[in-house]
Amino acid sequence: MRRKIVKIDESKCNGCGQCATACAEGAIQIIDGKARIVNDSYCDGLGACLGKCPVDAITIEEREAPAFNEAAAMQHVARTRGPGHAHPHDHGHSHPSAPAPLRAR
Ligand code: SF4
């Protein structure tokens, strides 16, 4: 599918890692001193990382890429950063665990 996804200009990137830290999906890693998208399906294309880059190396482009897979991204974050760091935007189910109010008789 064609969709918006982050593009990193390697000639500008200094490998500071701020984008990788900012990415809630863990889509960016510093590899060989440059920021890289580790898996296209982890990037939601919303660009939370854009404002973090001190050298404006990150832009959003539209290109062919697999759809954003939030479940896979969250598993990846849990694997690489620990379960406490996985914060899905919307994890697709409600939480019925809150106690139901007692009914007045
Ligand atoms: S924030 Fe910018 S300069 Fe730093 S690693 Fe990411 S793309 Fe590179």
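The model is predicted: local features need pLDDT of at least 70, side-chain atom pairs count only at pLDDT 80 or more, and totals for chains, interfaces and linings use all residues. Residues are numbered from 1 along each chain as its sequence is written. The protein has two helices and four strands. Helices (H or I, at least four residues) and strands (E, at least two) are DSSP runs, numbered from the N terminus.

**Overall fold**

- Read from the N terminus, the order of elements is β-α-β-β-β-α.
- The protein has 105 residues, and 20% of them count as buried. A residue is buried if 20 or more other C-beta atoms lie within 10 Å of its own, exposed if 12 or fewer, and partly exposed in between; C-beta atoms are placed from the backbone.
- Among contacts with a separation of 6 or more, 64% link residues 24 or more positions apart. Two residues are in contact if their C-beta atoms, placed from the backbone, lie within 7 Å.

- Strands E2 (residues 28-31) and E3 (residues 34-37) run antiparallel and are joined by four bridges. Two strands pair if DSSP finds at least two bridges between them.
- Ile28 has Ile37 in E3 as its bridge partner.
- Two residues lie between the strands of this hairpin.
- Asp32 sits in the loop between E2 and E3. Its phi is near 55°, a positive value in a residue other than glycine.
- Asp32 counts as exposed because it has 7 C-beta neighbours inside 10 Å.

**The nonpolar core**

- The largest nonpolar core has 17 residues, and Cys19, Ala27, Ile28, Cys43, Cys49 and Ile58 touch the most other members. Such a core is a set of buried Ala, Val, Leu, Ile, Met, Phe, Trp, Tyr and Cys residues joined through C-beta atoms within 7 Å.
- Strand E1 (2-8) and H2 each supply at least two residues of this core.
- H2 gives the largest share of this core, three residues.
- Beyond its neighbours within four places in sequence, Cys19 is in contact with Ile28, Ala35, Cys49, Lys52, Cys53 and Ile58.

**Around the ligand**

- The ligand has 15 residues around it, of which Cys13, Cys16, Cys19, Ala35 and Cys53 come nearest. A residue is near a molecule or strand if its C-beta atom, placed from the backbone, lies within 6 Å of it.
- Ten residues of this shell are nonpolar, four are polar and one is charged. Ala, Val, Leu, Ile, Met, Phe, Trp, Tyr, Cys and Pro count as nonpolar, Asp, Glu, Lys and Arg as charged, and the others, Gly among them, as polar.

**Two loop residues**

- Phe68 lies in the loop between strand E4 (58-64) and helix H2 (70-81).
- Phe68 counts as buried because it has 20 C-beta neighbours inside 10 Å.
- Phe68 and Asp44 are 24 residues apart in sequence, yet 5.3 Å apart in space, C-alpha to C-alpha.
- Leaving aside neighbours within four places in sequence, Phe68 is in contact with Ser41, Cys43, Asp44 and Gly45.
- Asp56 is in the loop between E3 and E4. Its phi is positive, about 55°, although Asp56 is not a glycine.
- Asp56 is exposed because 10 other C-beta atoms lie within 10 Å.
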